[in-house]
Amino acid sequence: MIFKTAIQSGLLLFLLSPVFGEPVKIEVNLDIQREVGGITEFDRSVFINAHAAPEEPDWEGEWDKCLYFSKELRGHFGRNTGSISEIMNRVAEDKNRPGFADPEHIKALGAEARQAYANHPLWKKYEPVSEIVLCAQIHPFWPDGKTAGRENGWTISTNEPFGQATGEFMGRYINEFYGSGGQPKPKYVEVINEPLYELVREGLTKETDVFRFHKNVADEIRKFDTDVQIGGYTMAFPLFELDDFGRWHKRFKSFVDIAGEEMDFYSIHLYDFPGISKGKVQLRKGSNIEATFDMIDHYSELKLGHRKPYLISEYGSQLNDWYNQPWSPYRDWLCLKSFNAMLLQFMERPDQILKAITFTPTKAEWGRK
């Protein structure tokens, strides 16, 4: 390939002569600066993020790779969905309020966690590239009266306001586990991760209860912290068009109607399916993502009078047809192809994307449990 450049009156010319076919000319005008909503520069902390945190045990013995990712590749860390669940499983129940976590035990556990962070020789050096999104899992946070797994054998209150006990715990957790020598406080909180598949599709929960839960949890968190930004509903697959757009009306439209005012941002997950159900292809990238953004933005304008920013806390490719097969370079390529295509779309909205995180766990040893 022959590569030539010439600069004429601020115009940079690239002449590419491919091995086959006609030459391709690309023109870049150096006198023009692109601006979208006041944003003129590419922010790696927004767009180059791994679904990982330096505090994960998977990095132990692999710090050379952690350093390579953060320093040489200038990558950032983006999400933690496990630590808060671990503490909720350990904390004792308030003796005077059944279904609520004991504030004094939260405080004690928080002091231990902050000290452990301060004593770790490596974690602090990664703070400049760590802006962690804190997210709760369905269990043990969903108030169903039967959630199992707590060491102390109690379950979250199901009383009204629905979700109050969860929100109070999360607010106290943020106050007690961060700062004061410990890990920097998270900037973003997702109320609960991908709740509708298990609770609605496979369960008997009403969508409206999930959205009321978001509203009440956000209200409770803000009683303890008014700086952290709160969002949801962290939907897995925005199939708005299903049932003649019945899915849209039952889910995201309803979410905006019930909890939209309390959300600082919308949290969504976007995945391609390059192979599902033995060869079926369902792609999200391209026009499907554009339509998803357009529908949400439009209804937000109608209902709330303004758009809200997005936190894309997972995106990439699901590999359903390859789940039972060993690793291969081709599987990695399927993920990379989706990462790259979707990233270019997110970059068209730099004024609206708070953070975009590829679903790239470190080792995902938690998946073996």
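This is a short chat about a predicted protein model.

Reader: What should I know about the numbering and the model before I start?
Author: Residues count from 1 along each chain as its sequence is written. The model is predicted, so local features need pLDDT of at least 70 and side-chain atom pairs pLDDT 80 or more, while totals for chains, interfaces and linings use all residues, and side-chain values use heavy atoms, without hydrogens and water.

Reader: OK, what's the mean pLDDT?
Author: The mean is 91, and 93% of the residues reach 70 or more; pLDDT is the predictor's confidence in each residue, from 0 to 100.

Reader: And where does pLDDT stay under 50?
Author: Over residues 1-8, for which the model has 17 contacts beyond four places in sequence (contact means heavy atoms within 4.5 Å).

Reader: How many helices and strands are there?
Author: The protein has 12 helices and 12 strands; these are DSSP runs, helices being H or I with at least four residues and strands E with at least two, numbered from the N terminus.

Reader: Switching topic: where is Asp43?
Author: Asp43 lies in the loop between strand E3 (24-29) and helix H1 (44-47).

Reader: Is Asp43 buried, exposed or in between, then?
Author: Asp43 is partly exposed, because its relative accessibility is 36%. Buried means under 20% relative accessible area, exposed over 50%, and partly exposed in between, with a 1.4 Å probe and protein chains only.

Reader: How far is Asp43 from Lys355?
Author: They are 312 residues apart in sequence and 9.6 Å apart in space, C-alpha to C-alpha.

Reader: Last one: what share of the protein is buried?
Author: Buried residues make up 46% of the 369.
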